[in-house]
Amino acid sequence: RRQRQMCIRDRPENEMAARWGVVFTPSIYFITEKKDVGKLTDAAAAVMPGAFMKGTFMGMLEWVKTGAYKTETRFQKYFNDNYQRIREEMKAARPAT
């Protein structure tokens with residue numbers, strides 16, 4: 001872990017992106033528990049290129065956390081199927097004003 005942190009700090013972003021196979025920055029990679037994977041892209045359960053809206057971001061976090069990506073490989077379909085529920089949960093979590 002410490003070695004990885006040093007690697008991140010010492011390398012320019014574009015050099016790191018090329019080394020790890022990242023096409024677009026900023027990107028968020030959700031890494032599986034696979035061992036001995038050569039490329040970051042091969043270890044990723046999901047990749048979120050760029051910045052998503054908060055509802056889509058929440059949907060992506062849930063899709064990965066619940067393991068739904070293993071049975072429904074298309075995030076957009078998962079998100080569309082669960083959009084109303086995700087929206088209601090986010091609405092309910094907002095502090096009352």
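The questions and answers below concern a predicted model of a protein.

Reader: How many helices and strands does the protein have, and in what order do the elements run?
Author: The protein has five helices and two strands. Read from the N terminus on, its elements follow the order α-α-β-α-β-α-α.

Reader: What percentage of the residues of the protein count as buried?
Author: A residue is called buried when its relative accessible area is under 20%. The protein has 97 residues, and the share of them that count as buried is 29%.

Reader: Among contacts with a separation of 6 or more, what share comes from residues 24 or more positions apart?
Author: Contact here means heavy atoms within 4.5 Å. Taking the contacts in the protein with a separation of 6 or more, residues 24 or more positions apart account for 21%.

Reader: Where does proline 26 lie, and is it buried or exposed?
Author: Proline 26 is in the loop between α2 (13-20) and β1. The limit for exposed is over 50% relative accessible area. Proline 26 has 54% relative accessibility, so this residue counts as exposed.

Reader: Which residues does proline 26 touch, not counting residues up to four places away in sequence?
Author: Proline 26 and methionine 48 are 22 residues apart in sequence, while their C-alpha atoms are 8.7 Å apart in space. With residues up to four places away in sequence not counted, proline 26 touches Met48, Pro49 and Gly50.

Reader: Is glycine 50 buried or exposed?
Author: Glycine 50 lies in the loop between β2 (44-49) and α4. Leaving out residues up to four places away in sequence, glycine 50 touches Phe24, Pro26 and Ser27. Its relative accessible area is 11%, and the limit is under 20%, so glycine 50 is buried.

Reader: What distance separates the C-alpha atoms of glycine 50 and isoleucine 28?
Author: Along the chain, glycine 50 and isoleucine 28 are 22 residues apart.

Reader: How does isoleucine 31 count by relative accessibility, and which residues does it touch beyond four places in sequence?
Author: Isoleucine 31 is found in strand β1 (residues 27-31). Its relative accessibility is 46%, which falls between the limits of 20% and 50%, so isoleucine 31 counts as partly exposed. Not counting residues up to four places away in sequence, isoleucine 31 touches Leu40, Ala43, Ala44 and Ala45.

Reader: What kind of aromatic pair do tryptophan 63 and tyrosine 69 form?
Author: Ring centres within 6.5 Å make a pair, and planes over 60 degrees apart make it edge-to-face. The count of such aromatic pairs comes to four. Tryptophan 63 and tyrosine 69 are 6.1 Å apart centre to centre with 70° between the planes, so their pair is edge-to-face.

Reader: Are tryptophan 63 and tyrosine 69 buried or exposed?
Author: Tryptophan 63 has a relative accessible area of 5%. Tyrosine 69 is at 18% relative accessibility. Both values are under 20%, so tryptophan 63 and tyrosine 69 count as buried.

Reader: Which residues do ring pairs link into a cluster?
Author: Tryptophan 63 and tyrosine 69 belong to the cluster.

Reader: Which element supplies the largest share of the lining of the second largest pocket?
Author: About 180 Å³ of space lies in this pocket. Its lining includes Phe79 and Tyr83. Both α4 (54-65) and α5 (75-93) supply at least two lining residues. The largest share, six residues, comes from α5.

Reader: How many residues in the lining of the second largest pocket are charged?
Author: Lys54, Arg87, Lys91 and Arg94 are among the lining residues. The lining divides into five nonpolar residues, two polar, and, for the charged group, four.

How values were computed. Residues are numbered from 1 along each chain as its sequence is written. This is a predicted model: local features need pLDDT of at least 70, side-chain atom pairs count only at pLDDT 80 or more; totals for chains, interfaces and linings use all residues. Side-chain values use heavy atoms; hydrogens and water are left out. On a 1 Å grid over the protein atoms alone, a cavity is a set of points where a 1.4 Å probe fits but cannot get out, and a pocket is an open set with protein on both sides within 12 Å along at least five of seven lines; lining residues have an atom within 4 Å of a point. Grid points are joined across faces, edges and corners, and a volume is the space filled by probe spheres set on the points. Helices (H or I, at least four residues) and strands (E, at least two) are DSSP runs, numbered from the N terminus. Ala, Val, Leu, Ile, Met, Phe, Trp, Tyr, Cys and Pro count as nonpolar, Asp, Glu, Lys and Arg as charged, and the others, Gly among them, as polar. Buried means under 20% relative accessible area, exposed over 50%, partly exposed in between (1.4 Å probe, protein chains only). Rings of Phe, Tyr and Trp (its six-membered ring) pair if their centres lie within 6.5 Å; planes under 30 degrees apart count as stacked, over 60 as edge-to-face and the rest as tilted.
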